[in-house]
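Dear colleague,

Please find below the structure that I am handing over to you. My findings follow directly after it.

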Amino acid sequence: MASIGANTTHKVAKKPTTQKKSNGILKSGTSSKIKGSKASSAAGKSRGSAPKLIPSEFNHATSLNDFLSLPTNQQKDKIINELLPHMLGERATFHEGISKPHTASTTTSRGQAAADIAIIMKNLSPIIVLKEYGILTEIEKILLPLGIGAVFGNGVGLGVHPGGGMRKIASTASLASMDSDNAAAAASSEGGIKSSTMSIASSVGTDSKRGKTTPANAREGALLFLRACCELGMKSIEPYVVPLLAAALDECGSSSSSVREAAGDACSAIVSLANPLAVPMLIVPVLFEALNSPEWRVKSIALERLVQVASLAPSQTSSLLPQIIPTVTSQIWDTKPQVTKAANAALLAVCHTNDNPDVKPAIPAVVKAISKPSDTYKAVEELMATTFVSTVDASTLSILCPILSRGLKEKNAVRKRACCVVIENMSRLVDSPNAVAPFGPLLVPELKKVVENVQFEDIRDVALSALQALTRALGHSDIESAMAAVMAAEAERAAEEQRRIEEALEDERKREEESRKKEEEERMVFREAMEAQRLLDKMALEEEAAAKEKAMLKKEQQKKSTKSAGGKCQGCGLKKCKKTCLFYSGK
């Protein structure tokens, strides 16, 4: 029989364990540890369409009619003191009745409250709900606590528009023109909305690094309300909502994921609601300014919205291609791959808005060459195979000229010749000198270098022919006058840039001077305060020394006197000494 000792080992066969299917819900106290490329790829994907905003109280016609039958003051009280706080993340303790426990504010509850207010606004009027009840003022306080000029972190001298950031864009459709302050004053004078619905100084759930002091729940609720307003499809709401696109884009860089999702959905809804005529003056300038934000998520969302603009307003986008293409091209070289991918998609989308049938087949190759300079000659070959029949306008030139300018700078002479052929064919169909004038500085100097420096005579002849055709397209009689005009334009542009730099430096100097004066005043006030404190401390020490000296004198007098402080004799303890007391005076 085998004996079992201390050194005996046993091997037990383990049963194969079957992996349970996960239902996607994690228990409290557990963490999800997902490895591999699938998790990372899933994290980078968009979450798809936004969840629907369904009202909770007014989802039936009966409840809505009951509310509309109430007096005006009761309607206002319910919106301001009940629905608005719920939307901004402050739920009443007994909102669902005394029998049910208090529930915390969630994204779903805030979305339901936002949908309720939107339904009421649709049945009453946007002016009544937004202006008279002060809802718009509260939204502006939450999303724009420092004003629209502080959006995207662009101060004076920064951003696409030097000297003001969002301030120059705000002049087109400013929030001040809505008279929101007067509406807020009227609402507060009538005993309506409180001076501050949310605790603005609260630091819980804020983006303090981005200068955001309002709670994240309040900002999410405000963004959900903007989206709910846009989804109503009312054109009368457009003047109040579209100017807040900049604030919604800025919130796409929030540290809270729920705020980022709400901001992205709000941006998409605002762009969908906007009139195509607002694209050149408001939508696209705001998107350009967002591309200067330090947050990469803001840039990515702005580029996605540019794709949306291209699909909703193709004609307006096509006319803006000379401004859009250089701005979007600069984002292709961003360090974040998400921004690079979005920039490529945006560039392809905006270029497809061009309605020139001759260039359309070559647009994918041209866009690829913009993002990948090594494919420049492939794009030029595509253009060489193109027969230009339609009129070439500014939007078409904005697509072709950057690639042709880059091709003229290559070392291969054959490739330079191909670019010259395309330029000559293109220049013969330019509709007006104003269309090609912005691109003259790109092509004329490079063509002149080819004419003067290339050693092959046939290539120089082709370049000279292209230069002459481009000169005629620019509206000049000879090459020298074209070069003079180009140089004059370059000098004027350089002078304008110099003026801009000088103005920015002057503004910076003024700010530094104001800061220095303020610092000197603060130092002077500090010195005066310290001197006053020193004198007070000196007086206190002198008073304390005098009090101590007085106390010492009193003690000395008491030592020399036969009577104590209470008037009793220090020998016998009586007020009137006995004859047997040493200090008896006989009186």
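**Surroundings of Ile370**

Leaving out residues up to four places away in sequence, Ile370 touches Thr329, Ile332, Trp333, Leu347, Ile403 and Arg406, where a contact means heavy atoms within 4.5 Å. The model is a predicted one, in which local features need pLDDT of at least 70 and side-chain atom pairs count only at pLDDT 80 or more, while totals for chains, interfaces and linings use all residues. Residues are numbered from 1 along each chain as its sequence is written, and side-chain values use heavy atoms, with hydrogens and water left out.

Ile370 belongs to helix α18, residues 363-371; helices (H or I, at least four residues) and strands (E, at least two) are DSSP runs numbered from the N terminus. With a relative accessibility of 4%, Ile370 counts as buried; the term stands for under 20% relative accessible area, with exposed for over 50% and partly exposed in between (1.4 Å probe, protein chains only). Pro402 is 32 residues from Ile370 in sequence, and the C-alpha atoms of the two are 7.9 Å apart.

**Helices α16 and α17**

Two packed helices are described by the angle between their axes and the distance between the axes. For α16 (residues 321-329) and α17 (residues 337-351), the angle is about 165° and the axes are 10 Å apart. Axes here are lines fitted to C-alpha atoms, for helices over the stretch in contact, and angles run from 0 to 180 degrees between N-to-C directions. The two helices are therefore roughly antiparallel to each other, a term used for angles over 145 degrees.

On the α16 side, the contact is made by Leu321, Ile324, Ile325, Val328 and Thr329, and on the α17 side by Ala343, Ala346, Leu347, Val350 and Cys351.

**Ser395**

Ser395 is placed in helix α20, residues 394-408. Is Ser395 buried or exposed? Ser395 is buried, at a relative accessible area of 4%. Apart from neighbours within four places in sequence, Ser395 is in contact with Ser318, Leu321, Pro322 and Asn354. Leu321 is also one of the α16 residues in the contact with α17.

**The protein as a whole**

The secondary structure consists of 25 helices and 0 strands. Of the 587 residues, 40% count as buried. Among contacts with a separation of 6 or more, 68% are between residues 24 or more positions apart.

With kind regards

Notes
Angles under 35 degrees count as roughly parallel, over 145 as roughly antiparallel, 65 to 115 as roughly perpendicular and the rest as oblique.
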